[in-house]
Amino acid sequence: MYILGIESSCDETSLSIIKDGCIEVSTVVLSQMDTHAYYGGVVPEIASRMHVENITIVIEEVLKKANMTMDDIDAIAVTYGPGLIGSLLIGLMAAKTLAFIYNKPLIPVHHIAGHIYANNLVKQLEFPLIALVVSGGHTELVYMKEDYSFKILGGTLDDAVGEAYDKVARVIGLPYPGGPNVDKLAAIGKDTYDLPLPLNDDSYNFSFSGLKSAVINLVHNEKQRGNEIIKENLATSFQNRVIEILTKKTIRALKEYGVNNLIVAGGVAANKGLRSSLKEACKKENINLTIPEIKYCTDNGAMIGVAGYYAYAKGLKADLSLNAKATMELK
Amino acid sequence: MKYLFIDSATTNLVVAIIIEGKITYLYNENDGNDTSAKLMPIIEEAFLKSNVRPQDIDKIFVVTGPGSFTGIRVGLTVAKVMAYSLNIPAIPLSSLEVMASGFDEDVTALIDARRGYVFAGGYDRNLNVIYEDNYVLFKDSGLSGKFVSFDKFSFETFEPQLDLIKIIKKHEDDEPVNPHMLNPNYLKLTEAEEKRLQDERN
């Protein structure tokens with residue numbers, strides 16, 4: 001079964017053709033990152049404008065790359081939320097138009113389900129599992145008993161982890177996107193700054209705005225005292241706190257739920273510090289860890305095509321009145 | 001010839017199918033919201049009631065703006081994907097011309113663009129352009145005469161009137177646009193881009 005996956009929830013127009021929920025036939029990603037870098041973050045109206053300019057070009061490319069036509073496609077899966085509404089609508093309208101013209105089933109996919117299922121391209125998911133979803137818009141611990149069943153154990157109460165990275169990057173003068181740049185710097189610094197471990201409690205929730213504020217205050221105070229900030233050390237200190245709390249709560253969830261499989265998903269899963277911390281902890285606890293290749297951590301149509309396959313198997317289907325939603329829970 | 005017409009740029013959503021110069025389906029409602037949910041089911045109904053398939057369509061006429069940025073993109077994405085997939089020409093149209101099409105006299109069509117600005121376009125009874133579509137501060141525009149708009153202004157405006165056949169006839173032989181290049185005509189930069197230009201000037 002061939003599924004065309006369509007993703008446009010933020011600043012990437014991406015389409016992919018996925019065979020049987022695990023084989024990537026072709027993927028095209030048109031990223032707008034360079035444009036938004038000028039503004040220091042994604043500008044929603046510009047993102048929407050670029051999606052509409054690019055959409056048919058990406059459709060053409062993904063089919064050409066696979067040497068297929070729309071007649072070879074069995075179903076169309078599309079991200080309908082959460083995300084930037086103007087961006088989501090381009091992928092959604094394109095998906096509905098294709099489903100209508102070619103009379104194909106339309107499968108609605110939750111963006112986070114997509115991120116989780118990106119792991120299926122590495123290795124078939126084994127259940128039960130815990131998924132740690134970390135990105136610019138999300139920080140969630142999800143329990144999955146079986147395919148396409150999601151139970152949110154906890155999530156961020158304020159900033160998503162990637163958001164905190166971007167803000168900290170700005171404070172210490174690193175260019176957008178902040179996450180990869182902080183990660184790079186953190187690799188060469190030392191943990192010398194006294195920063196709090198955020199929301200170190202019994203819940204599975206996260207909070208990064210306090211830690212972010214602590215970094216901002218620290219930089220401000222040091223400046224007032226005329227002290228130079230050692231950027232790499234601040235990056236290391238910040239990243240260590242983030243990684244420590246993410247690792248700690250994730251491992252606790254695995255133990256409490258008696259789960260042996262951990263998968264990591266979302267853009268921040270590309271973070272080298274986080275990857276190595278989780279690897280180490282999972283090795284110690286004898287837990288099977290799966291992390292997608294870096295190219296599948298960021299937004300892409302492949303993950304939507306994979307998730308779409310399992311959603312369809314569960315009977316999820318939408319009609320042509322399907323609408324996009326900026327916010328929605330993973331269920 | 002069989003044509004599909006889509007206008008989702010204003011609060012007035014229009015979907016029509018025209019076969020051999022006759023309107024076989026027309027949805028023309030000023031009911032504003034949820035265009036993204038409504039549009040495809042309406043298009044589906046248009047084809048069903050006209051007893052044609054998408055593959056039978058020879059040409060798509062689509063309003064590319066000005067108007068609601070999101071609204072424009074919703075209809076345009078459909079037209080773009082359809083024109084590309086079916087390999088048929090697409091003809092871009094002005095929302096202001098569509099609003100002015102049903103009048104037998106010179107009119108200026110207006111869309112409220114907030115903070116005193118309007119999108120304005122003047123057309124005569126044959127849809128020749130009198131005042132080219134523009135984004136302008138109304139009080140400085142010098143525009144006068146008969147105004148038509150779906151929006152409320154402090155001065156008198158008339159309800160826009162649609163003459164679909166007149167629009168189609170006027171543009172039937174326009175040069176089609178490659179679907180990849182069929183893009184919105186916002187007539188206005190994003191605020192971020194405006195600010196960037198301003199910063200670069202200073």
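Two strands pair here if DSSP finds at least two bridges between them. Helices (H or I, at least four residues) and strands (E, at least two) are DSSP runs, numbered from the N terminus. Keep both rules at hand for this tour.

The model is predicted: local features need pLDDT of at least 70, side-chain atom pairs count only at pLDDT 80 or more, and totals for chains, interfaces and linings use all residues. Residues are numbered from 1 along each chain as its sequence is written, chains are lettered from A and ligands numbered from 1 in the order in which they are written, and side-chain values use heavy atoms, without hydrogens and water.

**Stop 1: the sheet in chain B**

Select Ala109(B) and Val148(B). Val148(B), in β9(B), is the bridge partner of Ala109(B). Now widen the selection to the two strands. Strand β6 of chain B covers residues 107-112, and its pairing with β9(B) is parallel, over two bridges.

The open sheet now has its four strands, in the order β8-β7-β6-β9 of chain B, with mixed pairing. β8 (129-137) and β9 (147-148) of chain B are the edge strands, each pairing on one side only.

**Stop 2**

Next, select Leu127(B). It lies in the loop between β7 (117-123) and β8 of chain B. Is Leu127(B) buried or exposed? Leu127(B) has 2% relative accessibility, so it counts as buried. Buried means under 20% relative accessible area, exposed over 50%, partly exposed in between (1.4 Å probe, protein chains only).

**Stop 3: another positive phi**

Go to Asp34(B). The loop here runs between β3 (22-29) and α1 (35-50) of chain B. Asp34(B) is not a glycine, yet its phi is positive, about 60°. At 49% relative accessibility, Asp34(B) counts as partly exposed.

**Stop 4: a cis proline in each chain**

Select Gly65(B) and Pro66(B). The peptide bond from Gly65(B) to Pro66(B) is cis, with omega near 0°. Pro66(B) sits in the loop between β4 (59-65) and α2 (69-86) of chain B.

Cross to chain A and select Gly81(A) and Pro82(A). The bond from Gly81(A) to Pro82(A) is cis, with omega near -10°. Here the loop joins β4 (75-81) and α3 (85-102) of chain A.

**Stop 5: helix α6 of chain A**

Select residues 178-186 of chain A. Why is this helix largely enclosed by the rest of the structure? Seven of the nine residues of α6 in chain A are buried, so the helix is largely enclosed. Colour the buried ones: Gly178(A), Gly179(A), Asn181(A), Val182(A), Asp183(A), Leu185(A) and Ala186(A).

What do they pack against? Show α5 (161-171), α8 (231-256) and α9 (272-285) of chain A; the buried residues of α6(A) pack against these helices. Contact means heavy atoms within 4.5 Å.

**Stop 6: zoom out, chain by chain**

The globule rule is 2.2 Å times the number of residues to the power 0.38. Along the principal axes, the C-alpha atoms fill a box of roughly 65 × 45 × 30 Å. Of the 331 residues of chain A, 60% count as buried.

Switch to chain B. It has six helices and nine strands. The radius of gyration of chain B is 17 Å, close to the 17 Å from the globule rule for 202 residues, so chain B is as compact as a globular protein of that length. Its C-alpha trace spans about 55 × 40 × 30 Å along the principal axes. Of the 202 residues of chain B, 52% count as buried.
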